Amino acid sequence: MDKILDVKNLGVSFHTYAGEVKAVRGINFYLNRGEALALVGESGCGKTVTAKSLMCLNPMPPAEIKDGSSIEYNGQEVLEMSKDELRAFRGAEISMVFQDPMTSLNPTMKIGDQIAESLTTHMKLNKKEALDKAVQMLERVGIPEAEERINSYPHEFSGGMRQRVMIAIALACNPRILIADEPTTALDVTIQAQVLELLKELQNEMGTSIILVTHDLGVVANFADRIHVMYAGKIVEKGTTRDIFYRGEHPYTWALLSSVPDLYAENRKKLYSLEGTPPDLLLPLEGCPFASRCKYCMQICREKMPPKTDINESHSVSCWLKHPSAPKVEKPHILRRDV
Amino acid sequence: MAKLHEELIQVNNLKKYFRISRKSVLKAVDDVSFSIKKGETLGLVGESGCGKSTCGRTVVGLYDATGGSVLYEGKDVHRLKKDEKLQFKKNAQYIFQDPYASLDPRMTIGDIIGEGMDVHQMHSNEKERTARIHELLELVGLNPEHAVRYPHELSGGQRQRVGIARALAVEPEFIVCDEPISALDVSIQAQIVNLLIELQENLDLTYLFISHDLSMVKHISNRVAVMYLGVIVELASSEELYKNALHPYTKALMSAIPVPDPDVESSRERIILPGDVPSPINPPPGCKFQGRCKYAMPICKEKTPELVDQGDGHFVACYLHNK
């Protein structure tokens with residue numbers, strides 16, 4: 001498989017009155033052609049900032065991309081693109097579906113015009129062709145009576161339909177990469193299932209690579225090929241979906257897995273919950289960012305950042321527990337099935 | 001836990017319609033009946049727009065009912081005298097869905113929690129008030145120093161704890177939890193659900209727990225009612241509902257819950273419902289679900305199925321089962 005996107009040592013900071021917030025702290029990852037990659041983590045772990053950086057969407061200032069960061073798209077450096085190059089790049093090559101379908105559509109524009117906008121810009125279609133294509137896209141994402149609905153305004157659509165419209169806009173120019181930032185968080189479970197199914201279908205059909213950003217591991221089990229778990233601006237564990245779900249090594253991954261409620265668990269039993277909050281990204285981080293919430297925390301975890309340990313080609317983890325002299329800990333039962 | 005026998009709330013044929021224009025009526029809640037026993041948690045699940053929040057709001061008297069009645073300890077909530085009404089509002093509290101919008105941004109956390117106590121004159125001096133606010137903050141797992149802060153300084157999970165503390169401030173017996181966790185991260189949801197269960201056990205509370213997330217509802221509830229377009233389509237104990245769901249809509253809802261296991265997910269058959277919940281404005285006669293139901297029969301379009309007991313308190317409104 002060949003890499004379509006290669007991110008190296010990406011660091012993003014925000015300059016605020018309180019000081020420099022280091023939202024993303026030197027992360028490396030790549031995306032293969034036609035693959036679905038999931039970035040998973042809690043609110044504030046830097047996953048959305050990472051996703052936005054890929055399209056240079058973070059407002060600068062206050063944001064600052066750290067020196068030494070590199071984002072390569074098909075061999076081309078995204079961070080060095082000029083304004084015009086970026087404009088051609090966004091929408092045509094890479095596009096994004098935002099979390100909140102209620103606020104990311106323009107309430108004063110007709111749905112058809114919003115889809116047609118990027119088509120006239122990027123594909124140089126005329127108004128009529130663009131609207132025809134908009135109808136096709138709406139049909140493609142499963143909106144009935146598309147020909148009439150292009151004249152509707154966003155408020156006439158339900159949440160799930162608006163998210164479909166967002167997907168139609170994002171895919172209108174047939175981009176190579178689609179970034180979906182929590183595309184289903186604002187939706188009901190039944191609609192969530194519909195939207196995920198649709199994304200999967202479109203991925204197979206159009207060969208688009210997808211980066212799915214989410215806080216819910218339950219959502220990605222059937223969706224992603226690979227999963228990266230983020231915490232406090234770092235990727236703490238990378239692996240294939242099976243690696244993460246069955247052979248996860250990082251205590252934070254275990255915590256995320258355990259906090260997905262189990263339908264078959266005993267009723268009213270105390271649910272697993274991860275206590276505490278992520279570290280303040282204003283402060284310099286010494287040691288492992290997860291140390292203060294980790295129940296396996298050792299002396300060294302508070303002092304030095306753990307190095308990346310490769311378990312196999314696809315699976316790597318940053319945790320001192322993988323050090324040869326670290327004590328052996330028992331993994332929580334949620335993972336043990338495959339061992 | 002309190003003994004589950006006394007019925008605290010009885011909802012009989014409750015209806016709440018909103019008049020949209022001269023010709024159209026939005027039937028948000030259309031003939032719903034259930035009861036909640038003291039110390040029990042009744043879960044109310046359904047998709048957005050199915051009327052579950054309207055139902056919760058009508059039950060505590062935030063909306064007037066169009067028809068039917070809500071009896072709280074035998075008294076009709078919508079026909080209380082002035083002082084009885086004040087007492088009822090102290091007994092029944094509400095936790096709102098959105099922890100960002102439900103706290104006044106210009107009030108300190110202490111004042112947000114203390115406001116209800118002031119209204120019901122639950123303290124005799126300032127010192128007592130402050131002490132009680134600090135006690136409540138600790139009860140919900142916050143620090144007393146949070147009392148002087150403002151909502152924007154807190155995270156979503158912390159704000160929801162403030163919402164819970166505000167509800168508890170007036171020592172209620174009954175709390176409607178309206179999607180208290182859906183705006184939160186998965187890891188924080190568990191914290192809030194644990195807190196709600198713990199508080200219920202310690203303070204003998206009765207909950208009406210509204211959510212679209214079946215797995216959480218199953219966890220916290222003794223019984224679960226599934227709502228679709230203003231009507232209850234299935235009601236059973238939570239164990240029974242999950243083992244033996246009867247209504248096609250309940251089955252679809254359950255199959256939509258993502259399972260954190262790639263093998264289970266890839267082998268499992270998912271029922272994906274076509275389309276959205278139809279509009280509750282001027283709904284057609286018959287079963288409300290028939291448009292999305294793959295088992296729909298001619299009778300489903302003609303008559304609304306009634307909620308019938310299938311034994312052991314498992315009620316379902318579907319012609320597949322109501323022979």
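**View 1. The surface of chain A.** In this predicted model, chain A exposes about 15100 Å² (Shrake-Rupley method, 1.4 Å probe), and carbon and sulfur atoms supply 51% of that area.

**View 2. The charges on chain A.** You can count 40 positive side chains (Lys and Arg) and 44 negative ones (Asp and Glu), with His and the chain ends not counted. The centres of the two sets lie 4 Å apart, taking each charge at NZ of Lys, CZ of Arg, CG of Asp or CD of Glu.

**View 3. The fold of chain A.** Chain A has 12 helices and 13 strands (DSSP runs: H or I, at least four residues, for helices; E, at least two, for strands). Its C-alpha trace spans about 70 × 50 × 40 Å along the principal axes.

**View 4. A sheet in chain B.** Here 4 strands form an open antiparallel sheet in the order β2-β1-β4-β5; strands pair if DSSP finds at least two bridges between them. The edge strands, β2 (25-37) and β5 (75-76) of chain B, each pair on one side only.

**View 5. Two partners in that sheet.** Strand β1 (residues 7-19) of chain B runs antiparallel to β2(B), with 10 bridges. Spot B:E7: its opposite number in β2(B) is B:K37.

**Reading the views.** Residues are numbered from 1 along each chain as written, while chains are lettered from A and ligands numbered from 1 in the order written. Local features need pLDDT of at least 70, side-chain atom pairs count only at pLDDT 80 or more, totals for chains, interfaces and linings use all residues, and side-chain values use heavy atoms, leaving out hydrogens and water.
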